[in-house]
Amino acid sequence: MKNNKGNGIDGDYTQLETKILIRTAAGLFGAFALISAALSLLSGRFSSAVVGFLEIFYKDYERAVVAYTHVFRNNKEWLVMVAAFVVFLIVLRVYLKGFTKYFNEINRGINALKEEDSEDVALSSELAATEKTINGIKHTLKQQKYAAMAAEQRKNDLVVYLAHDLKTPLTSVIGYLTLLRDENQISDELREKYVSISLEKAERLEDLINEFFEITRFNLSNIMLEYSMVNLTRMLEQLIFEFKPMFADKNLNCVLTAEPNKMVRCDVNKMQRVFDNLLRNAVNYSFENTDISIAVTQKENMVHIKFANHGNTIPKEKLERIFEQFYRLDISRSTGNGGAGLGLAIAKEIVMLHGGTIIASSEKEIIEFEVTLLSS
């Protein structure tokens with residue numbers, strides 16, 4: 001259990017504790033006063049007053065004294081016990097009423113959590129800490145609700161965009177295949193061109209279909225890690241080699257700076273997916289004829305892997321949302337290299353499951369992503 005003394009939460013109940021102490025002391029004092037009054041009724045001036053009152057009915061002092069003795073003095077212990085019991089019930093009722101008032105306030109505050117109004121819950125000053133906690137929960141639930149609605153809206157928009165994008169390459173494939181079927185006198189050069197375009201569109205269609213499956217997997221499955229020691233340097237070298245055709249398309253040069261055979265403990269497949277996504281983004285959003293750098297450095301027990309490329313500076317407001325699910329920098333979808341907006345969100349989750357961090361920065365037409373992992 002966490003110790004909350006350091007954050008001042010315990011001190012918020014001081015007023016409540018003081019009020020309970022005062023009520024307890026007042027109740028005990030009142031009980032003793034009532035019992036003392038009951039005892040006084042059976043002796044001294046009060047007994048004389050009772051005898052005088054009885055004398056009015058009996059018309060004889062001696063008979064009044066006998067009646068007082070028989071009814072009151074001989075049953076003194078029982079009368080005191082009855083008086084004490086009555087006083088106890090009265091004090092207990094008042095005492096519990098004070099407590100149930102706080103419970104009722106807390107119950108109203110909890111019920112207010114499901115209400116849509118934006119007003120904060122107001123409790124007695126003695127329950128300041130509880131009021132703060134309930135309002136904190138209310139604000140958190142509201143933020144989560146808005147975040148879920150925003151994510152759902154982005155997902156719905158994405159599905160609409162993907163459906164439109166699916167139709168575009170499919171129409172092209174059907175069109176070119178129809179030409180190949182209907183044109184008997186088509187030249188070999190033109191036939192090769194049509195086949196290449198059809199293949200390119202079909203591959204794009206496959207990528208978009210995979211994105212649909214990616215959305216489903218991201219929402220219906222949890223990421224599980226299988227740790228092993230991996231040669232990080234060779235992993236990055238292999239990744240760079242696989243991306244050479246993409247580098248050639250934009251005449252990019254990728255430079256890796258890392259010590260030979262740098263080892264880290266991670267889930268190989270999951271971390272390779274993170275690096276693949278970061279390098280793919282670097283290629284997609286790089287200026288032509290520029291360099292992409294990957295630098296691996298060791299600081300104490302942490303390994304830092306930084307991907308940097310030259311491209312349009314990402315605005316701060318977009319940079320803050322870049323790791324959100326279904327968020328895309330290319331909002332207009334004017335290019336064909338954008339994905340479902342899940343890559344960086346999944347990458348962040350994988351890195352966090354490894355106990356690491358991933359951050360993004362962009363200024364002066366340089367975009368950087370830095371992954372930090374435990375070295376072992």
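How many disulfides does the count come to? By the rule used here, a pair of cysteine sulfur atoms within 2.5 Å, the count is zero.

## Before you start

Welcome to this structure, which is a predicted model: local features need pLDDT of at least 70, side-chain atom pairs count only at pLDDT 80 or more, and totals for chains, interfaces and linings use all residues. Residues are numbered from 1 along each chain as its sequence is written, and side-chain values use heavy atoms, with hydrogens and water left out.

## Cysteines

A disulfide is a covalent bond between the sulfur atoms of two cysteines.

## Salt bridges

Next, look for charged partners. The structure has three salt bridges, each defined as a side-chain nitrogen of Lys or Arg within 4 Å of a carboxyl oxygen of Asp or Glu. One of them links D182 to R181, with the closest N and O atoms 3.0 Å apart. In this pair D182 is partly exposed at 46% relative accessibility, while R181 is exposed at 60%.

A salt bridge also joins D267 and K270, where the closest N and O atoms are 4.0 Å apart. D267 is buried, with a relative accessible area of 4%, whereas K270 is partly exposed at 24%. R280 and D276 form a salt bridge as well, at 3.2 Å between the closest N and O atoms. Both sit in helix α9 (residues 268-284), four residues apart, or about one turn of the helix. Helices (H or I, at least four residues) and strands (E, at least two) are DSSP runs, numbered from the N terminus. R280 is partly exposed at 34%, and D276 is partly exposed at 22%.

## The sheet

Now turn to the strands. Five of them make an open sheet with mixed pairing, in the order β2-β4-β5-β7-β6. At its edges are β2 (253-257) and β6 (357-363), each pairing on one side only. Neighbouring strands of this sheet are turned by 15° against each other on average, direction ignored; the axes are lines fitted to C-alpha atoms, for helices over the stretch in contact, and angles run from 0 to 180 degrees between N-to-C directions.

Two strands count as paired if DSSP finds at least two bridges between them. L256 stands opposite I294 in β4.

## Two helices to visit

Helix α4 (residues 76-111) contains V82. V82 also belongs to a nonpolar surface patch, together with F85, V86, F88, L89, I90, L92, V94 and L96, and these residues have about 820 Å² of accessible area together. Patches are made of residues with over 30% relative accessible area and no salt bridge; like charges are joined within 9 Å, and nonpolar side chains (Val, Leu, Ile, Met, Phe, Trp, Tyr) within 5 Å. The accessible areas come from the Shrake-Rupley method with a 1.4 Å probe, and for residues only the protein chains shown count as cover.

In helix α5 (residues 128-182) you will find A147, which is partly exposed with a relative accessible area of 44%. A147 and E324 are 177 residues apart along the chain, and their C-alpha atoms are separated by 10.0 Å.

Notes:
Buried means under 20% relative accessible area, exposed over 50%, partly exposed in between (1.4 Å probe, protein chains only).
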